Amino acid sequence: MAVGETEKATYTIPIGPIHPALKEPIQLMLEIEGEKVVNTDVLVGQVHRSIEWLGMNRNNPVQTLYLAERICGICNTCHPFCLVMAVEQAANITVPDRAEYIRVIAAEMERIHSHILWAGVAAHEIGFDTVFYLTWRVREEIMDLIEYVFGNRVTKAVLQFGGVRRDITAEQLPRIRKSLDYYKSIFEHLRRIFLEDKTVRMRTRNVGILSTEDALKLLAVGPTGRASGVPKDVRQDQPYSAYADLNVKAITPDIVTGTVVGDVYDRIIVRLLEVKQSVEIIEECIARMPEGPIMSESKMPRLLRLLTDAAGEGVGRVEAPRGEDIHYVRLEAGQSTLATWKVRAPTYVNLMAVPTILKGMQIADVPIVFASIDPCQSCTNRILVTDRATGRESVVGYEELHRLSVEKTKEIQR
Amino acid sequence: MEKLTPQAIIDSFSQKLGDGFVTGSVYEREIAVKKNKFRSLWIEVKQSAFRDAVEHICHLQKYPHLAIISSSDLGAEIELIYHFTIYYGQHLEELSLGLRVKLPKNNLKIPTITDLIPGAIFTERETQEMMGVEVIGIPDGRRLFIAEDVPAGVYPWRKDETGPEKLLRVLPGREPKGKIEKG
């Protein structure tokens, strides 16, 4: 049944297109009965920027690489990583081994910062702001490390077709180890806060459940899928780059609790353990990193010539913090742009699970449940509440929805 | 279910589809220090055999993962590639399977696969609005990304006269990049 086609006096609450709980301009049309969400319609495309069109019509591949880096602020390694792998497959470029390891280190640093950022947002959504401040304080360490190693806090600009643009030198290693040790020392503290705290547990256990079967049918990827017991992780299943040398295992919540519920709590477990896993991967990469060159073709005009002459197709798949990211590239000889470029970010498929996980939830649970799939980010404060029975419309601020969420937390704490 | 080797999968497709099978190839690449194999499969089928091919993939793997449908405008025809992955869940065992089907521009129709894979809905809606390929039997045929005020019959991924060039705003003093209709 489409939203709004019911006989009963239900309300339709549009959340978004712009809303802090969503972190990305997207609109959710919630059909509610009293306090319960009955049906959800997801309206995407609020900020379609035609990035693929630019890559196919305007830019040369190297310009497109920088554009790919700006598809998402947080996943600024995953998208170029996908693109370089797809193009390297299409143009048959080999990558030096050392570059493969540096790529993986960049990707794992990104995962650490993304997951900790998410943990802070999740704490904020349930009104636990002290934890929000604490986690974002903890995240600063990895941001500083990224700046130290790659020269920039956010966009790393480290990938290039055929290698990486910056090396990691021996003098940098002690500083990297210091940050990794910091995360190892603070892990137990974070684990206690997120997994043992009564309030967090009450607001997240049995909330927003996605069953294993639904996760498989709706193609959920990344922590959203793994929290539902699907052991799917590109780093494990079809390892790319230096992951092929490492033995990464997909993390499912039953490692900690023995069962898979597929709720928000399980998604916290998966993300928390993945931070620890990422620290271990970086350590292993540093230990195994071979010596050697980092670029197969360092002269830019020659690289562009090679990419213009090449013909072929390739697929790049990367496990981004939010799940599997995939780029398809087709190159035509003599064409200076990419002939076809298709990008699929992980949130694209995870959004299809949203109607299922919101079903039967209270309005006050909507922010945390929707945030639990970790959709990508943007903010202002408005919700339009429409009363279908009377045709009355009223605009409710984000503060109102956030207040409902905070009140619920206080209520259950009593 | 027993896991087949890449070559055996291609053979099973050609056996199952008969005339509907066009070609199949295996792509292999050695990666990083240990030289483990990165493998992917490319299978091309005819438009008429497409539905059977997807059913066959569902037979190989209970819940095949459909990552995305990519589409290219090749001039006289449109090429769709359904990017599946099968045999996931184990280290190094997963296979990417690109199922390729070419549609002539006078018959841009493809049956829906949402009854087999419910999560295919977004990418089918996107292919429909971006490439102008009609998905027969799609349960929800609304636009996904394109705004409602974009006129019908404009397909952003096309490279022919139905492309989006006429919607581009050209800065004063610049030459338009695409073909622009005069008048």
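Two residues are in contact if their C-beta atoms, placed from the backbone, lie within 7 Å. The model is predicted: local features need pLDDT of at least 70 and side-chain atom pairs count only at pLDDT 80 or more, while totals for chains, interfaces and linings use all residues. Residues are numbered from 1 along each chain as its sequence is written, and chains are lettered from A, with ligands numbered from 1, in the order in which they are written.

**Chain A**

Among contacts in chain A between residues at least 6 apart in sequence, 69% join residues at least 24 apart. The chain has 17 helices and 10 strands, which are DSSP runs numbered from the N terminus (helices H or I, at least four residues; strands E, at least two). Of its 414 residues, 53% count as buried; a residue is buried if 20 or more other C-beta atoms lie within 10 Å of its own, exposed if 12 or fewer, and partly exposed in between.

Helix α6 (residues 173-196) and helix α12 (residues 264-288) of chain A have axes that come within 10 Å and cross at roughly 160°. α6(A) is therefore roughly antiparallel to α12(A), a term for angles over 145 degrees between N-to-C directions. Residues of α6(A) including A:L180, A:Y183 and A:F187 belong to a group that meets residues of α12(A), among them A:L272, A:V275 and A:V279.

**Contact between the chains**

In all, 36 residues of chain A are in contact with 33 residues of chain B. Several elements of chain A each supply at least two residues of the side that touches chain B, among them those tabulated here.

| Element of chain A | Residues |
|---|---|
| α4(A) | 97-125 |
| α8(A) | 212-217 |
| β7(A) | 323-331 |
| β8(A) | 340-344 |

β7(A) gives the most to this side, with 4 residues.

**Helix α1 of chain B**

The 12 residues of α1(B) (residues 6-17) should span 16 Å at 1.5 Å a residue, and the end C-alpha atoms are 17 Å apart, which agrees; the expected span is 1.5 Å times one less than the number of residues. B:I9, B:I10 and B:F13 are buried in α1(B). Seen down the helix axis, the buried residues fall within an arc of 100°, so they line one face of α1(B); the arc is that of the directions from the axis to the C-beta atoms. These buried residues pack against β1 (21-31), β2 (36-45) and α2 (50-60) of chain B. On the other side of α1(B), B:Q7, B:A8 and B:Q15 are exposed. B:G18, with a positive phi near 60°, follows α1(B).

Methods. Axes fitted to C-alpha atoms, helices over the stretch in contact; angles between N-to-C directions. Parallel < 35°, antiparallel > 145°, perpendicular 65-115°, else oblique.
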